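Take your time, and try each one before reading its solution.

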Amino acid sequence: MGSTVLVVDDEREIAELVRALLEGEGYAVETCFDGDDALRRIEEGGFDLAVLDIMLPGTDGLALCRALRARSSFPIIMLTA
């Protein structure tokens, strides 16, 4: 399998749509539905890209982006309405 992507969006339908599209292109995908869970998962490592929503329960997407950038240099895509 290809690179591993973390998709973080509190709207499950959007997260699952993004998951399906990325998996269709050969990526391994994990999903989280709030910022706090995403921070825990990122601490475990293994991601090559993160796709983040801005409006998240717990840690919001902008704070999550800042925390990710402080820990890693992998790419981050902000996907928001």
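**Exercise 1: The strand β1 and its partners**

5 bridges join β1 to strand β2 (residues 28–32), and the two run parallel. This is a predicted model, in which local features need pLDDT of at least 70, side-chain atom pairs count only at pLDDT 80 or more, and totals for chains, interfaces and linings use all residues. Residues are numbered from 1 along each chain as its sequence is written, and side-chain values use heavy atoms, with hydrogens and water left out.

Task: find which residues of β2 stand opposite Val5 and Val7.

Solution. 
- Start with the terms: strands (E, at least two residues) and helices (H or I, at least four) are DSSP runs, numbered from the N terminus. Two strands pair if DSSP finds at least two bridges between them.
- Go to Val5, which faces Val29 in β2.
- Move on to Val7, whose opposite residue in β2 is Thr31.
- Now turn to strand β3 (residues 49–52), which pairs with β1 in the parallel sense over 4 bridges. Here Val7 stands opposite Val51.

**Exercise 2: Covered or open?**

Task: work out how many residues of β1 are buried.

Solution. 
- Buried means under 20% relative accessible area, exposed over 50%, and partly exposed in between (1.4 Å probe, protein chains only).
- Check the side chains: Thr4, Leu6 and Val8 point one way from β1, Val5 and Val7 point the other way, and all are buried.
- That gives 5 of the 5 residues of β1 (residues 4–8), so the strand is largely enclosed by the rest of the structure.
- In β2, 4 of the 5 residues are buried, and the strand is mostly covered.
- Over the chain of 81 residues, 38% count as buried.

**Exercise 3: Following the chain**

Task: describe the order of helices and strands along the sequence.

Solution. 
- Count the elements: there are 3 helices and 4 strands.
- Read them in order, and the pattern is β-α-β-α-β-α-β.
- Look at one piece: β1, helix α1 (residues 12–24) and β2 form a right-handed β-α-β unit. Right-handed means that, with the strands pointing away from the viewer, the path from the first strand over the helix to the second runs clockwise.

**Exercise 4: The outline**

Task: find the box that the C-alpha atoms of the chain fill.

Solution. 
- Taken along the principal axes, the box is roughly 30 × 25 × 20 Å.
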